[in-house]
Amino acid sequence: MTRNAENGSILPAILVLFFFAILTVMAMTWWAKHEQQSSVLYSRSAVAYQLAQAGIERGKWKVVEQADYWDQLSTNPSYFITDYNFDRTYEDVTNSGGVSLGEYRIRIDNDPDDPSHNYKRITAQGRQKSGGGTGRHRTLMASFAKGSVLTEDFAVYAKVFDFHE
């Protein structure tokens, strides 16, 4: 009779062990899925940020392209440069296969914190294109004095370098 009593005693221990193994696998699956989603969002945000940086660079180039742009912006606060008032999107940043990574748009105006109009503010909005979703957005703003736009390390001379989601 002792033998019959011992035959079924291992079954509950195996069931408990199996239950914990299933819980562990489920937790690891959820963690891996969450980690993958976070990685994709971070990657998309980084691309949107880089697109906004491209917009800042294009805006710097446009301000120094013609000497009178700076003066016209300084003397006439309502003046804006065509295609640089959030009225055009650019899609010239591509991956190695030539596919556009997203789009950005630029606004160049006087820095509202500078009543003497010595600083110009360049605002660039980058939007990463996603497969079927809305993508990620990033906005950068930088204000420059006239001489600092021509320097290599412009961020050192930037009065404002802001990051918005």
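S45 is found in helix α2 of this predicted model, and with a relative accessibility of 12% the residue counts as buried, because the cut-off for burial is under 20%. Leaving aside residues up to four places away in sequence, S45 touches R136 and R138. Helix α2 also meets helix α3, through K62, V63 and E65 on the α2 side, and the points below set out that contact and the two sides of α3.

**Contact of α2 with α3**

- The axes of α2 and α3 come within 4 Å and cross at roughly 95°, which makes α2 roughly perpendicular to α3, since angles of 65 to 115 degrees are counted that way.
- In this contact, K62, V63 and E65 of α2 meet A67, Y69 and W70 of α3, and the residues involved divide into four nonpolar and two charged, with no polar ones.

**Buried side of α3**

- Helix α3 spans residues 67-75, and its buried residues are Y69, W70 and L73.
- The buried residues of α3 pack against helix α2 (10-65) and against the strands β1 (102-110), β2 (119-128) and β3 (137-145).

**Opposite face of α3**

- Which exposed residues does α3 carry on the face turned away from its buried side? That face carries A67 and T75, and A67 is also among the α3 residues that α2 meets.

How values were computed. Residues are numbered from 1 along each chain as its sequence is written. This is a predicted model: local features need pLDDT of at least 70, side-chain atom pairs count only at pLDDT 80 or more; totals for chains, interfaces and linings use all residues. Side-chain values use heavy atoms; hydrogens and water are left out. Buried means under 20% relative accessible area, exposed over 50%, partly exposed in between (1.4 Å probe, protein chains only). Contact means heavy atoms within 4.5 Å. Axes are lines fitted to C-alpha atoms, for helices over the stretch in contact, and angles run from 0 to 180 degrees between N-to-C directions. Angles under 35 degrees count as roughly parallel, over 145 as roughly antiparallel, 65 to 115 as roughly perpendicular and the rest as oblique. Ala, Val, Leu, Ile, Met, Phe, Trp, Tyr, Cys and Pro count as nonpolar, Asp, Glu, Lys and Arg as charged, and the others, Gly among them, as polar.
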